[in-house]
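Please look over the sequence and the model together before reading on. The paragraphs below are meant to be read with both in view.

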Amino acid sequence: MGIDLSKMQQKQATLDGAGNSDNKFWKPEIGNQDIRIVCPSDGDPFKEFHFHYLEAGGRRKSLLCPKRNFGDECAICDFASSLWRDSVSSSDENGKKAAKGLFVKQRYFSPVFVRGQEASGIRAWGYGITAYKKLLSLVLNPEYGDITDVDEGTDLVITYEKASGKTWPTTDISPRRQTSVLCGDDIGGDDRCAELLASMPDFENLFDRASSQDARNILDEFLADEDSGGSDKVHYNSQPVSEIDEAYKQLMNAK
């Protein structure tokens, strides 16, 4: 009996996932990698989320914006908008920079199948507006058709590079010249495809939903932290705020 490649791939996936507490996400490594974007049942492979990032309680925190994602009230949005207006009227550059740091940030996520990491299944890939525009131009280009089609779709080459002098890596996307099946016989064929599609991440519950109270609590933590340190502050509702560090994690800032 020959070696079972699917079992070997599973072992490799376990090694690749060591130290990663949540393997439902995929992040490209420096270099080239082939992926296939997979279309969920609702026909939309490009999911848009809005996040806030800020230092609170001694660590960097992120949460889904209650207003932009769910239409609920968001104390962080209200605070940032008021701070921006006050800073513009007073020509306070530090205040404007602080407000920008609190403004909501857009991120896009797609379900992807990574070639060479087949045992890991379909995962969620997060990217920024530049990559989103490239992907959208591809799917709207009639020369390629439906790049997510399981029988005649198109793999994409993701080139992830950190150029000299750049803070964050850049993402280049190019389609393969030939179409291909999502699951060839070497990885299980149609049966494997059925398993993959059934195990696609649930994008409705990809992140914990943040309530209006959650946003208020994190804002209160942030303001308390800023109140206890530094002297270069601007004020809003009698609460002091200092300049915010705008260096975010690479996952959330790749172009």
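Residues are numbered from 1 along each chain as its sequence is written, and side-chain values use heavy atoms, with hydrogens and water left out.

The chain has eight helices and 10 strands, where helices (H or I, at least four residues) and strands (E, at least two) are DSSP runs numbered from the N terminus. Of its 255 residues, 42% count as buried; buried means under 20% relative accessible area, exposed over 50%, and partly exposed in between, with a 1.4 Å probe and protein chains only. The chain exposes about 14000 Å², of which carbon and sulfur atoms supply 45%, by the Shrake-Rupley method with a 1.4 Å probe. Among contacts (heavy atoms within 4.5 Å) with a separation of 6 or more, 66% are accounted for by residues 24 or more positions apart.

Confidence is expressed as pLDDT, the predictor's confidence in each residue, from 0 to 100. The chain averages a pLDDT of 82, and 80% of the residues score at least 70. Over residues 13–21 the pLDDT is below 50, and this stretch has five contacts in the model beyond near neighbours in sequence; residues 230–254 also have a pLDDT below 50, with 69 such contacts in the model. Where pLDDT is low, the predicted coordinates should not be read in detail.

The second largest pocket has a volume of about 410 Å³. A pocket here is an open set of points on a 1 Å grid over the protein atoms alone, where a 1.4 Å probe fits, with protein on both sides within 12 Å along at least five of seven lines, and lining residues have an atom within 4 Å of a point; grid points are joined across faces, edges and corners, and the volume is the space filled by probe spheres set on the points. The second largest pocket is lined by 20 residues, of which Lys47, Phe49, Phe203, Glu204 and Asn205 lie nearest its centre. Strand S3 (47–56) and helix H2 (66–70) are the elements that give two or more residues to this lining, and S3 gives the most, with three residues. The lining divides into 10 nonpolar, three polar and seven charged residues, with Ala, Val, Leu, Ile, Met, Phe, Trp, Tyr, Cys and Pro counted as nonpolar, Asp, Glu, Lys and Arg as charged, and the others, Gly among them, as polar.

Leucine 182 lies in the loop between strand S8 (170–175) and helix H6 (189–198), and counts as buried because its relative accessible area is 1%. Leaving aside neighbours within four places in sequence, leucine 182 is in contact with Arg36, Val38, Phe113, Arg115, Val150, Ile187 and Cys193.

Serine 82, in helix H3 (residues 75–89), is buried because its relative accessibility is 9%; its C-alpha atom is 8.5 Å from that of alanine 99, 17 residues apart in sequence. Serine 91, in the loop between H3 and helix H4 (93–102), is exposed, because its relative accessibility is 58%. Most residues other than glycine have a negative phi, whereas phi of serine 91 is near 55°, a positive value.
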